[in-house]
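Hello,

Here is the structure I promised to pass on to you. Please have a look, and then read on for my notes.

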Amino acid sequence: MAKVPVFKAVNVSKIYQLGDIEVKALQSVNLEIYSGEFICFFGQSGCGKSTLLSLIAGLQKPSSGEVYVRGEKLSALDNSGLAKYRRSKIGIVFQSFNLIPSMNIIENIALPLTFARVGKKQRMERAKSLLETVGLTKYSNHNPSQLSGGQQQRVAIARSLVTAPWVLLADEPTGNLDTKSANEVMRLIISLNHRSKRTVILITHNPEYLNYADRIFYLQDGKIIKTQVNNKVKDAEDLEEIKEAAEQAGAESRAEDLSAPETKEEIKE
Amino acid sequence: MKLIDVLRLSFGNLRRNMLRTVLTISGVVVGISTIVFLVSLGFGLQNLAVSKIANLDALTLLTVNASQKEGISLDQSAIDKFKNIPKVIAVSPLLSYPAQIIVPDGSGDTIAYGVNPKYFDLEDITASYGNKEFSSDSANEAIVSVGSLKAVNMTDPATAIGKEVTFRIVKISDNNKKDEFDVKAKIVGITTDDTTKYAYMPIGLISKFDGKVFNSVKVKTAKRDDMDEVRKTIESMGYPTTSVKDTVDQINSIFVYVQWILGGFGMVALMVAAIGIFNTLTIALLERTHEIGIMKAIGGRNSDVALVFTAEASMIGLFGGSIGLATGWILGVLINLLVNFVATSVGGLATDLFYTPLWFGTFVVSFAFIISTVAGIMPARRAAKLDPLEALRYE
């Protein structure tokens, strides 16, 4: 493939110092991820998959090795450069939703645009359209605590997409959800990849979700032990209950609006 | 982040913990209101002291004295020169001699002043009985103080008006020779001043005997601000000058210290409040560590985080400062009302003990703003420097 990978990790290691003990969270990891791929990091807790994701997100720096984003070294960015990278190039979804409790739903979704100095009217419009996408329009003025876990996670996904990023990074987004909510959220994420061709990196330990990924990186003890290419990727519609949930969430009707990140105008600062 | 969004966020954060915000602001209110209250008392007392010495008119008045130097005499040609100085609106010469006031059954000491009719207006001397001015520049008339009349047992002003008395004017010449002249004049006006003895007579009446050189000359300027300029011009001609302004300046310079000391007490309270702000923000920092992690993870800059915290401190200062100013000011106004009520009901003059100048109010609020902002800088920097991932893990 002549394409420049969206992400490329070269000999990336991460060592934590816990008192006198060195914990090798990642050891010489190499990987390449291309535009439009649906990637799963799969492994047991403590295998290093979250660490790998946080390195890609620029939330921490590797102890050695280098992460390249579209050919550019991530280590070359300073703090405000990293903030801009997280704000405009990637969207992050966490297991624990991480909404800001003092802000209502629409403000939470618009927050990355607030950091990007987008005017109030413009960012509210954008947030509103994303809220519609995740099917929660009527909760616009609610506080996060008034929503169910699944609803909060959909808000978090809307927030991660508000700046129209290239990539969605999702760290066990369904980990805190019941099956029904989890399916709603997964349906949304899958449709973001399949319909909008947005690159998705999903951390999961639910093997069921692996069927939807293009490639799966199996991690163990800080190493990638196996890379599996899925030849027959399941479409989201294959799972009946997921489809139902998605319809409830109104995701299908809106999925095409989430145009591919490459064609989307970048947020100007 | 845009400033308006920083303010929105900070304000939201302050509202979230209303009780704590109110308590922190109260700290600033106590400090600022104490400063405003005490310093306003200082300003009030200063105004009171200055107004006892001079009314506002007196501050436009300059007294030019005779020069000791050879060849510079305070004569008519000097007066003409003073009149030509720009911004001078009136010039009035003064002759003064020790004198005796002589009536058929006794005599008393006094000082005879030879003045122009307009002098009374310049010096703000008003005769309470009889005429307020002379009928002409050389009329045989006198306006005297009650003090002078007491010496000759003419204690009832009503009967003294219209009496003709003799003034024996004493002139001591350069070679210590004593000359005496008698002038007859009718008492046409009496002032209520019973502590000082003086008798004003038209300058033409007294200058018959001497009059080539004046003892002093009053020069009036249009505005108070013109005084310094006019004064310089006259002094450059070689004449020493004095003004009530000198005394007022001295009083003012003393009151600067008084105000600093009074303000200092309030400053202590404000420092305590600043520590309160620091404390509040440090706690807020711990409480919101996770939130700061979220903000950073979704693309907030370190400076955005720092700005939000600093703005919270600044807002506390601004609110506290404004409310403190209002509290201190209202307290002063209330005491003024009370004091004036009591004073006027026992027949005294209404006086304001508290006075808050507008510039001081502005200054004090800005001061609260700055102190609070400074108190917020450290917690804000700590918040900005938090590691995003560690902050995210913090619960």
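The C-alpha centres of domain 1 of chain B and domain 2 of chain B lie 56 Å apart. This is a predicted model, and the domain assignment of chain B gives domain 1 as 3-54 + 249-393 and domain 2 as 68-239.

Next, the nonpolar cores. The largest nonpolar core has 130 residues, and helix α2 (residues 18-53) of chain B gives the most to it, with 13 residues. Apart from this core lies another one of 48 residues, including B:A78, B:I169, B:I203 and B:Y239. In soluble globular proteins, nonpolar side chains tend to be buried together.

Which residues have the most contacts inside the largest core? They are A:I109, A:I189 and A:L202. Leaving aside residues up to four places away in sequence, A:I109 touches A:A127, A:L130, A:L131, A:V155, A:A158, A:R159 and A:V162.

Two loop residues in chain A may also interest you. Most residues other than glycine have a negative phi. A:E172, however, has a positive phi near 45°; you will find A:E172 in the loop between β7 (167-171) and α6 (179-196). A:K197 is not a glycine either, and its phi is positive at about 55°. That residue sits in the loop between α6 and β8 (199-204).

Are these two residues buried or exposed? A:E172 counts as buried because it has 21 C-beta neighbours inside 10 Å, and the cut-off for buried is 20 or more. A:K197 has 16 other C-beta atoms within 10 Å, so A:K197 is partly exposed.

Enjoy exploring!

Best wishes

Methods:
Residues are numbered from 1 along each chain as its sequence is written. Chains are lettered from A and ligands numbered from 1 in the order in which they are written. This is a predicted model: local features need pLDDT of at least 70, side-chain atom pairs count only at pLDDT 80 or more; totals for chains, interfaces and linings use all residues. Helices (H or I, at least four residues) and strands (E, at least two) are DSSP runs, numbered from the N terminus. A residue is buried if 20 or more other C-beta atoms lie within 10 Å of its own, exposed if 12 or fewer, and partly exposed in between; C-beta atoms are placed from the backbone. Domain bounds come from an automatic or database domain assignment. A nonpolar core is a set of buried Ala, Val, Leu, Ile, Met, Phe, Trp, Tyr and Cys residues joined through C-beta atoms within 7 Å. Two residues are in contact if their C-beta atoms, placed from the backbone, lie within 7 Å.
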